[in-house]
Amino acid sequence: MELAFVIEKFILITVVFALSLVVAMYSTLAERKIAAFLQDRVGPNRAGPGGMFQPLADGAKMFFKEEIIPEQSNKFLFIAGPSLAILTACIGSAVIPWGDTIAIAGRIVDLQVTDINVGILYIFGVVSLGVYGVMIGGWASNNKFSLMGAIRAASQNISYEIPMGLSIIALLLVTNTLSLKEITAQQHGWHWNVWYQPLGFLLFMICSFAETNRTPFDLPECETELVGGYHTEYSSMKLGFYLFAEYINMFISSAVMATLYFGGYNYPGMDWVNNMLGPLWGPLVGVAVLFLKIFAFIFFFMWVRWTVPRFRYDQLMNLGWKVLIPLAIANIVITGIWITISDRI
Amino acid sequence: MESLTNKKKVLQQKPMNFWERLYLPAIFQGMAITFMHMFKKKETIFYPEVKREFSENWRGLHSLKRDEEGRERCTACGLCALACPAEAITMIAAERKKEEAHLYREEKYASVYEINMLRCIFCGLCEEACPKEAIYLDGNIVESNYLRQDFIYGKDKLVEAPFKAS
């Protein structure tokens with residue numbers, strides 16, 4: 001029993017880890033392809049059929065690039081920066097319920113690495129940690145552009161964590177639990193949280209754009225003003241880690257948005273499908289549905305990136321503090337009133 | 001001041017109303033536009049396989065011409081080198097020997113004629129300067145190379161192929 005449990009979790013962790021890396025890897029290709037399509041081009045199509053091996057070629061290129069550590073930099077922190085960035089990007093996936101429980105060979109297997117009862121707080125904590133990689137790397141480079149990027153990353157993350165947290169509070173008023181497994185289970189069928197929290201979802205999504213440093217909030221790596229922002233001094237695979245961490249972050253935040261607001265692995269007609277396919281294949285269809293939602297969100301991320309120009313720094317701060325936070329607070333008040341009234345009736 | 005051209009347009013900047021300050025309507029509008037572009041015809045030309053047609057007045061790789069009898073027209077007068085704003089052309093003149101009369105049209109010819117393709121800006125002034133109609137920029141794109149010295153094209157590459165005996 002115990003050994004089987006360990007093996008089961010080990011396999012699950014390996015699969016989730018590998019999957020998030022593969023998805024991030026192919027997100028880089030998808031980004032270039034989508035950018036090309038939105039601009040009437042065809043994108044990379046030479047490496048492999050339709051450009052399928054482009055990410056491998058990019059990765060190999062990154063590994064073979066010359067590694068430069070600036071003379072005046074803080075060497076330990078310079079290396080710690082990208083390591084931390086990719087570490088925090090990877091551990092976020094631990095609490096996401098990838099699917100309902102499935103039955104394999106008489107065992108009930110939970111498709112979630114761990115169901116801690118403060119799952120949302122964990123996600124929130126990991127997301128907040130994510131900026132440390134950027135900050136440390138930017139500071140350790142001993143370059144003014146990097147430092148500017150790091151400062152921007154820090155202030156941007158602080159500003160946007162508040163409306164993000166506030167929009168989650170409104171969600172918690174609806175769900176009454178912090179466990180992601182229970183939140184997902186509550187959204188059975190069509191009862192997705194986005195119908196109850198449309199404004200909260202919008203705020204959460206805008207904030208996750210800011211937290212993952214995606215356009216229109218990519219001020220930390222704003223290449224038109226800051227050369228390369230926090231990764232100006234980075235080269236070789238350390239730069240690759242930073243860029244890769246962004247894509248993993250995008251994958252994880254897509255998964256979180258799909259789980260919190262769009263029902264995770266739930267979809268209308270799931271009971272009928274589960275009855276038809278049995279306890280193994282039924283939930284796996286749910287997993288596929290969840291990934292469909294995640295890919296839709298990733299596409300949305302990219303679609304926005306190639307449409308919207310970057311905000312100016314003061315616009316960013318105005319939007320965060322003067323628009324999003326009041327809206328988030330109003331959302332909490334409205335949700336609270338609505339829940340109180342609907343409970344009484 | 002009164003406008004002379006009547007094209008002046010006074011820009012009026014109104015403060016944004018609430019709807020505009022939300023940014024979202026404008027963002028969705030823009031996203032609809034970019035989404036429509038996904039289904040448009042792609043403008044890409046797959047270069048090595050498909051090539052664009054050169055225009056009528058395209059100036060490409062130089063070629064040193066021969067006359068009707070297959071003799072080199074260039075007399076190494078140096079006017080092309082003088083005209084060249086990028087100083088890409090160098091040459092060494094030599095006197096034609098008796099037995100070389102079928103190779104060179106005039107008594108003087110260029111024994112060495114080099115164009116540095118990294119310097120050349122393909123302006124076509126050498127073509128214009130040439131009194132003997134010996135040089136024309138009617139070739140293709142200069143090929144890529146790994147070494148700078150390989151971009152210095154000598155007579156072996158520049159002189160057009162001798163006519164086939166017909």
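**Cores, chains and a sheet**

Trainee: Which residues touch the most other members of the largest nonpolar core?
Mentor: Ala85(A), Phe204(A), Ala245(A), Ile248(A), Phe251(A) and Met257(A), out of 84 residues in that core. Keep in mind that this is a predicted model.

Trainee: And which helix gives the most to this core?
Mentor: Helix H10 of chain A, residues 236–260, with 15 residues.

Trainee: What does Met257(A) touch, not counting residues up to four places away in sequence?
Mentor: Five residues are listed: Phe204(A), Met205(A), Ser208(A), Phe262(A) and Phe297(A).

Trainee: Which residues does the second core include?
Mentor: Leu64(B), Tyr104(B), Tyr113(B) and Cys130(B) are among its 17 residues, and this core is separate.

Trainee: Back to chain A. How many helices and strands?
Mentor: 12 helices and 2 strands. Along the sequence the pattern is α-α-α-β-β-α-α-α-α-α-α-α-α-α.

Trainee: What share of chain A is buried?
Mentor: Buried residues make up 45% of its 345 residues. As for contacts in chain A with a separation of 6 or more, 79% are between residues 24 or more positions apart.

Trainee: H5(A) next. How far apart are its end C-alpha atoms, and what span should it have?
Mentor: The ends are 45 Å apart.

Trainee: What happens just after H5(A)?
Mentor: Asn176(A) takes a positive phi of about 65° there.

Trainee: Switching to chain B. What is the strand order in the open sheet?
Mentor: S2-S3-S5, 3 strands with antiparallel pairing. Strands S2 (89–95) and S5 (152–153) of chain B each have a single partner strand, so they stand at the edges and one side of each has no neighbour in the sheet.

Trainee: How many bridges between S2(B) and S3(B)?
Mentor: 7, in the antiparallel sense, with S3 of chain B covering residues 108–116. Glu95(B) has Lys108(B) as its bridge partner in S3(B), and Ile89(B) has Ile115(B).

Trainee: And how many bridges join S3(B) to S5(B)?
Mentor: 2, with the strands running antiparallel. Ile115(B) turns up again here, standing opposite Tyr153(B) in S5(B).

Trainee: I also clicked on Ala129(B). Which helix does Ala129(B) lie in?
Mentor: H4 of chain B, residues 125–129. Ala129(B) has 17 other C-beta atoms within 10 Å, so it counts as partly exposed.

Trainee: What is Ala129(B) in contact with, leaving aside neighbours within four places in sequence?
Mentor: Leu79(B), Cys80(B) and Ala83(B). Leu79(B) is 50 residues from Ala129(B) in sequence, while their C-alpha atoms are 6.0 Å apart.

Trainee: Last one: how many residues of chain B are in contact with chain A?
Mentor: 11, and they meet 11 residues of chain A. On the chain B side, 4 are nonpolar, 4 polar and 3 charged.

Technical notes: Residues are numbered from 1 along each chain as its sequence is written. Chains are lettered from A and ligands numbered from 1 in the order in which they are written. This is a predicted model: local features need pLDDT of at least 70, side-chain atom pairs count only at pLDDT 80 or more; totals for chains, interfaces and linings use all residues. Two residues are in contact if their C-beta atoms, placed from the backbone, lie within 7 Å. Ala, Val, Leu, Ile, Met, Phe, Trp, Tyr, Cys and Pro count as nonpolar, Asp, Glu, Lys and Arg as charged, and the others, Gly among them, as polar. A nonpolar core is a set of buried Ala, Val, Leu, Ile, Met, Phe, Trp, Tyr and Cys residues joined through C-beta atoms within 7 Å. A residue is buried if 20 or more other C-beta atoms lie within 10 Å of its own, exposed if 12 or fewer, and partly exposed in between; C-beta atoms are placed from the backbone. Helices (H or I, at least four residues) and strands (E, at least two) are DSSP runs, numbered from the N terminus. The expected span of a helix is 1.5 Å times one less than its number of residues. Two strands pair if DSSP finds at least two bridges between them.
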